[in-house]
Amino acid sequence: MNGAMRTATAWIGGAALLVGLTYVLGGYGLDIYRKLLLTATLALSYNFMFGFAGQIALSHYTFYGIGAYSVTILMTQAGWSLPLAALATIGISAVVALAVAIPANRLEGFYLALATLALAQIFIVALVQGGEFTGGADGIFGFKSPEIFGIPLSGTNFVIALIGLFLGTLAVLQFLGRSYFGRACRAIRDNPRAAAAMGINVARTNIIVFTLTSSLAAIAGIFYAFADRFVNPYVFGIEPMFLLVFMVIVGGTGRHAGAIVGATVLFLLPEFLGDIVGRRYILIYGLLVVLALMFQPNGLIGLYDQLRHRLARRP
Amino acid sequence: MSALLEVRNLTKRFGGLVAVEDLSFDLNAGEILAIIGPNGAGKTTTFNLISGSLKANAGRVVLGGIDITGLPPHKIAGHGIMRTFQHNMPFVSMTVIENVLVGSHRMMRTPWPALMAGSGMAEDRSARVRAQELLAFVGLPDYADRSVGELSFGQGRLLETARALAGRPSMIMFDEPAAGLTPVECQRLAQVIRDIAAQGIAVLLIEHDMNFLLPLAHRVVVLNFGRKIADALPATIAMDAAVIAAYLGTARRKRARAG
C-alpha cells in the first residue's frame, strides 16, 4: 500500500535523522539535544491533553517530577532494579493521576487549572520538606546510571533511548489521535453536550486522557532522572510548566507537529537570545504567546500550512 | 406487538410549575410522530426527559422493552436514540465527514488501549465508507473534507441528521428541525425524514411549523400546559376544537391584534 509505505518511510527517515544527529553533535550540543528530546516528548503528551481534549491542567511537570523522583527513590533508597522501579513508578503516577482526575472531572475549565496548580505547588513543598527521603531543596544526586542487559544507559546509548521515548510517545499519541477515541476527545473540546448526545461518555474520556497523558509525562520523568543523575524540586516547578503551555500554543495546539515545533523553537531560542537579553527571554515568550493568540491561533504550524497552500496555488 | 418507545405517566415539575404532567404516548418503528403545542406547553421538556438532559419526577420511558428512564445522555444514545439540536451543534474544529464519524462512536468495538498500538484501522475505514454514504443520503456528498464552517445553516441541519444516523439509531429525535430553514431546505429535510422513517427508524419531532409537520407526520400529539390534549392523525388535529382553541386560536387573536 502506497500510503502505508510512505508512512513507514517517514518514520524510518525521521528516526535515522534523529539518531544521526546524536553522532554529529558533541559535548554541549548533545546535552541540549537530550533536554530538547525530553521537552518535546512532554510537549507531545501535554498537547494531547490541552490541545486535543481541551483540558487546561497545570500538573504536567508535577507528573514528570513524580516519575523522576519515584524511580530515583525506589532505586537508590529501596535498592530496586530499574525495570521494577520503572513499572512501580508508572503505577504510582497512574494512581495519583486518577486521584486527581476523578474529583477534578466535576470541575471544568478554569477550576481544573486551579486544582492542578494547587497540586503542583503542594508537590514542590512536599519535595523541599521531604527531608532525607526526597533530599530536600538539594534533591538527590550522584547515583549511577543503570544498565539494561549489561548495556550502560549513558552517553550515546542514553540519547538513543531518549529518541525511542520520543518516537514511542509520538506513535502512541498519533494512533490514538487518529482513532475514534481521538475524535471523541476533540468532540468533547468542541462541544461536550453534543459529544454526549453522540454516545460519548464525557467524564470517562476526560479521566482516561488525564491519566494517560500524565503517565506519559511520568515515563519521560523516569528518563529525566538518568539524564544528569540529578533530581531537584525546582526542575518541576511552575515556571517550566508555563513554558510548556507557551510551547504548545506558539507551535500550534491540537497538532503533534505543532507541539514538536513549539518545543524546539522555544527551547532553543534562549541559546541564541541568552547572550543578548539574558533571562529576559521570558518577556519575549510572553509577547510571542500574545501575538500567536491574536494573529495566529493555529501557531507556527498553521503559518507553515498557509505558506504551503499559497505556494501550491501559484502556477 | 408493543411499540418501540413507550412513554408512561411522565411528570416533570420545576418548583411549583408542572412542565409535563402525566404524559403517556407510544411511538412505533418507522413512524413519524410530531409533538406540538404553544410555547411553554412542555414540548422541549418532554424532549429533554427522553434524551436524558433532564430527570423526570415520575413516570417511565421504555425503549424496546428496556427501561431507560433517567439515564444520562450518552447512555440514551448508547441504547440507540440519536438526536439533532435546534441550534446546530457541529464539532467546529472538524471536517464534515469527521463530524459524521463522531456520530458512529457507539458502534466502535476496538477497546481504547488497543488503539494506541494501531488497532481498529479496518473498523475506522468501514465507518468512513458508511459516513460517506450517509453524506450522500442527506445530500452533502461533495462536502466530506470541507470544514463545517463552510456549510450554510440548512446544510448544517442536514449534517446533524447524517451524524445522528451514523449511530445506527432505532429512533431519531429532531428538535424543531424546520427552525431557521428556507422553504426549499424544509422540503429537502422533510424528504430526508420520510426516507429515514421508510428504513424502519422511529422519528420523534417537536415542531412549531404546521406547514412543515402536517404533511410529514403520521401522527400528532398535542400538549397544552404540560398535558396531552390530543393524539391523532394530522388531518384530525387540524380540525380538533381543543387544539384550535389552544394553538391556532391564540395565533388568530394575535394576528387580529397586530392588524
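In chain A, 21 residues of domain 1 are in contact with 18 residues of domain 2; two residues count as being in contact when their C-beta atoms, placed from the backbone, lie within 7 Å. Before going further, please keep in mind that this is a predicted model, in which local features need pLDDT of at least 70, side-chain atom pairs count only at pLDDT 80 or more, and totals for chains, interfaces and linings use all residues. Residues are numbered from 1 along each chain as its sequence is written, while chains are lettered from A and ligands numbered from 1 in the order in which they are written.

Let us stay with the two domains of chain A. Domain 1 covers 13-234 and domain 2 covers 237-315, with bounds that come from an automatic or database domain assignment. Their C-alpha centres lie 21 Å apart. On the side of domain 1 of chain A that touches domain 2 of chain A, at least two residues each come from α2 (28-52), α3 (60-76), α5 (110-128) and α6 (155-178) of chain A. Helices here are DSSP runs (H or I, at least four residues), as are strands (E, at least two), numbered from the N terminus. The largest share of that side, twelve residues, is supplied by α2(A). By type, the side of domain 1 has 16 nonpolar, five polar and no charged residues; Ala, Val, Leu, Ile, Met, Phe, Trp, Tyr, Cys and Pro count as nonpolar, Asp, Glu, Lys and Arg as charged, and the others, Gly among them, as polar.

Now look at a pair of helices in chain A. Helix α7 (residues 180-190) and helix α9 (residues 202-225) of chain A pack at about 110 degrees, with axes 10 Å apart. Axes are lines fitted to C-alpha atoms, for helices over the stretch in contact, and angles run from 0 to 180 degrees between N-to-C directions. α7(A) and α9(A) are therefore roughly perpendicular to each other, a term for angles of 65 to 115 degrees (under 35 is roughly parallel, over 145 roughly antiparallel, the rest oblique). From α7(A), the contact uses A:Ala184, A:Cys185 and A:Ile188, and from α9(A) it uses A:Val202, A:Thr205, A:Asn206 and A:Val209. Five of these residues are nonpolar, two are polar and none is charged.

Next comes the partner chain. Between the chains, 27 residues of chain B are in contact with 22 residues of chain A. On the chain B side, α2 (73-78), α3 (96-103) and α4 (112-115) each supply at least two residues. That side of chain B divides into 14 nonpolar, nine polar and four charged residues.

Chain B also holds sheets. One is an open, antiparallel sheet of four strands in the order β2-β1-β4-β5, where two strands pair if DSSP finds at least two bridges between them. Its edge strands are β2 (17-27) and β5 (66-67) of chain B, each pairing on one side only. Strand β1 (residues 5-14) of chain B runs antiparallel to β2(B) and is joined to it by seven bridges; B:Phe14 stands opposite B:Leu17 in β2(B). Helix α1 (residues 43-51) of chain B packs on this sheet and touches β1, β2 and β4 (58-63) of chain B, its direction making about 65 degrees with that of β2(B).

Another open sheet in chain B has six strands in the order β6-β7-β8-β3-β9-β10, with mixed pairing. β6 (81-83) and β10 (227-232) of chain B each have a single partner strand, so one side of each is left without a neighbour in the sheet. Finally, β6(B) pairs with strand β7 (residues 171-175) of chain B in the parallel sense over three bridges, and B:Arg83 has B:Met173 in β7(B) as its bridge partner.
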